[in-house]
There are 2 protein chains.
Amino acid sequence: MKNSDNIPYKIYLSEEEMPKTWYNVRADMKTKPAPLLNPGTGKPMGFDDLRPVFCDELIRQELNDTDREIPIPVEIRNFYKMYRPSPLVRAYCLEEKLGTPAKIYYKFEGNNTSGSHKLNSAIAQAYYAKQQGLKGVTTETGAGQWGTALSMACSYFDLDCKVFMVKCSYEQKPFRREVMRTYGASVTPSPSETTSVGRAILKEHPGTTGSLGCAISEAVEVATSNPGYRYVLGSVLNQVLLHQSVIGVETKTALDKYGVTPDIIIGCAGGGSNLGGLISPFMGEKLRGEKDYRIIAVEPASCPSFTRGKFAYDFCDTGKVCPLSKMYTLGSNFIPSANHAGGLRYHGMSTTLSQLYHDGYIEACSVEQTKVFEAATQFARVEGILPAPESSHAIRVAIDEALKCRETGEEKTIVFGLTGTGYFDMVAYEKYNNGEMSDYIPTDEELEASFATLPKVEG
Amino acid sequence: MKNSDNIPYKIYLSEEEMPKTWYNVRADMKTKPAPLLNPGTGKPMGFDDLRPVFCDELIRQELNDTDREIPIPVEIRNFYKMYRPSPLVRAYCLEEKLGTPAKIYYKFEGNNTSGSHKLNSAIAQAYYAKQQGLKGVTTETGAGQWGTALSMACSYFDLDCKVFMVKCSYEQKPFRREVMRTYGASVTPSPSETTSVGRAILKEHPGTTGSLGCAISEAVEVATSNPGYRYVLGSVLNQVLLHQSVIGVETKTALDKYGVTPDIIIGCAGGGSNLGGLISPFMGEKLRGEKDYRIIAVEPASCPSFTRGKFAYDFCDTGKVCPLSKMYTLGSNFIPSANHAGGLRYHGMSTTLSQLYHDGYIEACSVEQTKVFEAATQFARVEGILPAPESSHAIRVAIDEALKCRETGEEKTIVFGLTGTGYFDMVAYEKYNNGEMSDYIPTDEELEASFATLPKVEG
């Protein structure tokens, strides 16, 4: 085992070193992310337009593209102390196994019961809902990590929590449902007969296995039709990337302590919350021209928003009840094959990351799921941690970049986000272990048909 | 949130502070644990007698009751660095919720993929097997945590791993099986038709849901009938308690750093590995008369070895192929109700802990599983972590002791072992959530019938 750099296997910050502010990368962007538009009028939505759906303070955060540092309330910082700081791990064992001169680090967000980074934003959103005196919140969940995180956060602040869970995950992951119920949440498979938008989707696509876009529509309908409820979202939105910046700020603080500067930063990208959070302070330096980093977004070949999507205004949800967002999108009607294991199934991408990608600050690539599980298994066996399929997209590319370094002899420093654990993904691992997993790549024709549904908006 | 003591939510040791030696509590015992006996001759078993079953170095550790500190090889310490130190958590949120003046700490061993403390001994046993040039090892697993831990350890050292999994867990926890397979292990439900002892048990008890005792017999048979294999065990044995002392040494180092002395130390007790490890250095002080601690072993009412068992020589396994061990036992024929959720199903108890209990150094109590899940849910909602049913036995009693402090106003310091997470126990949680869980307490007649099978040995 090489350990010549005198860097510990795991770097933990002390409580005093933990972030006191979130990092708002929009403050550093010359071209700001495009505003949300009212789907009826095509006009940008302001604070008052968004109030029926979102909590007040979260809207302020959503619209704030000028303040670089936003204080983390002490109640949230106290909750963070229960499961953070997350370790920044030096992957000595993986490096040795790969025979690479590259130095690999990963920021591991899976050491909490939600099993992922999602808790970072869930606790913030629950806190602001409680502050506003609300009764409860509604949301959607795909793989179940966000729903679990929100259930935990709501239970902590004694808020009601109604979760719409994408049907294929609901069926593949009954245990996730029970974790949410243990934390007191109600869980409904989506699309469901309990909402008018759910009924409409079921009528148009009988037997659909659902998508995040469907579940969002249902959750928004319930929030806006029940007094004292608001809708909260676990990814895509600016506010979520803001809360997730705690990942990046901790990572940068830890690296700075040891004088380490990354060459490459890698994250998986579904809606963009993990990647956006991880890169925030690094991207700030890049945008200000102080440092340069290669930043790589990794998406599944089955749902390739960045690499094959269009940069356009689109609906955030299948039912078209949400504001329009300018983003890389596959079209809100796009529903990824049920064949795909785990999360990253969303048709669109964070507006902030979309703008950064459009402006050339981020690279993107897509990978097939069999290659992802191959990397996941290799990683699990040497680093101990059984990774979530989502996180394993980043592992795949980190390994590929490390292998390139083996060819060139370059001692690059690679940092990737390990967003969570795969304990609830054993159905997918079983498929892979049995050699029964296959890949799915949408055809150009499928994508063209989906793009045809994009709304006509100048943006 | 009270935080007036200036003690962090989580105390992590640095790599330099991590233990370099295991703590062998037997060195401090005036009355040593009774030796293992040959079931045929009734004679104490020495090094040569044990070699067909166990790895050489592990036998030396098993028999060593004189050296207090045993060095941890650097390879094992390096592996420990991948997932240790485990945090010692101050349960501020639980204290507040309970309104107790007690100060509650828990040592959380669940932040690794095996989900429990079992990895501490698995990696040590795999290391010594590899050192001896073996091809592989066999073992049993109940709830699946030990099997998962051993699979991870064997995969790391490239050893073959054959696991016999108690049938009721195999069926209730298919995901555990897939984790083990992901790490390259083979997993067989026990009792099985693949061994002669398995076939005999099935003949005598058709349709049995199995027990740890059965699975041990099968694993031992396979180890002794395949050249290059040895049997390894995840609990009960002295060597396992020795490896698990890393829990106690870390706990004591962390508490000492902050000048904290516990009044009460609580652990769940199935075979005794967690409790034995947690208390080791504290028990050393108690045995030497330097300090006094209340030490409480918590066992399930459905499998009450300490509180209702006999202190006698008994078989470690149902098939009676293992050495005889002097311990608190319910009789090797005792098979707990399948109704019971999770581990702690073993009929006996560590010889070391049995002697300490017999000599009055440990208290014991038993708790019913509905009360355990009530405590588990309460804990999960305020402390975030979803605990394993096994660990929740300790939570139950820690809460009860904290509530007593609320009555008396005493500011006692309570430390308990939180051995693992419950992500693979959601079937049991679902039962509890649905109000379908019931309790099971064996009758005196059942126990008497089981005691009648104890071997006639003077001990």
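Reply: The following account takes up the symmetry, then the contact and its salt bridges. The model is a predicted one.

Chain B can be superposed on chain A with an RMSD of 0.0 Å, by a turn of 180° and a shift of 0.0 Å along the axis. The two copies are therefore related by a two-fold axis. Within chain B, the C-alpha nearest this axis belongs to Asn111(B), at 2.9 Å from it. Both copies use the same surface, since 98% of the contact residues of chain B recur in chain A.

The contact itself involves 44 residues of chain B and 43 residues of chain A. Between them, the two chains bury about 4200 Å², and 56% of this area lies on carbon and sulfur atoms. On the side of chain B, the residues that lose the most area to chain A are Phe175(B), Thr182(B) and Tyr423(B), which together account for 17% of what that side buries.

As to charged pairs, the count between chain B and chain A is 2 salt bridges. Glu430(B) forms a salt bridge with Arg177(A), and the closest N and O atoms of this pair are 3.2 Å apart.

Terms used. Residues are numbered from 1 along each chain as its sequence is written. Chains are lettered from A and ligands numbered from 1 in the order in which they are written. This is a predicted model: local features need pLDDT of at least 70, side-chain atom pairs count only at pLDDT 80 or more; totals for chains, interfaces and linings use all residues. Side-chain values use heavy atoms; hydrogens and water are left out. Copies are superposed by least squares on the C-alpha atoms of residues with pLDDT of at least 70 in both. Contact means heavy atoms within 4.5 Å. Buried area is the accessible area (1.4 Å probe) that two parts lose on being put together, summed over both. A salt bridge is a side-chain nitrogen of Lys or Arg within 4 Å of a carboxyl oxygen of Asp or Glu.
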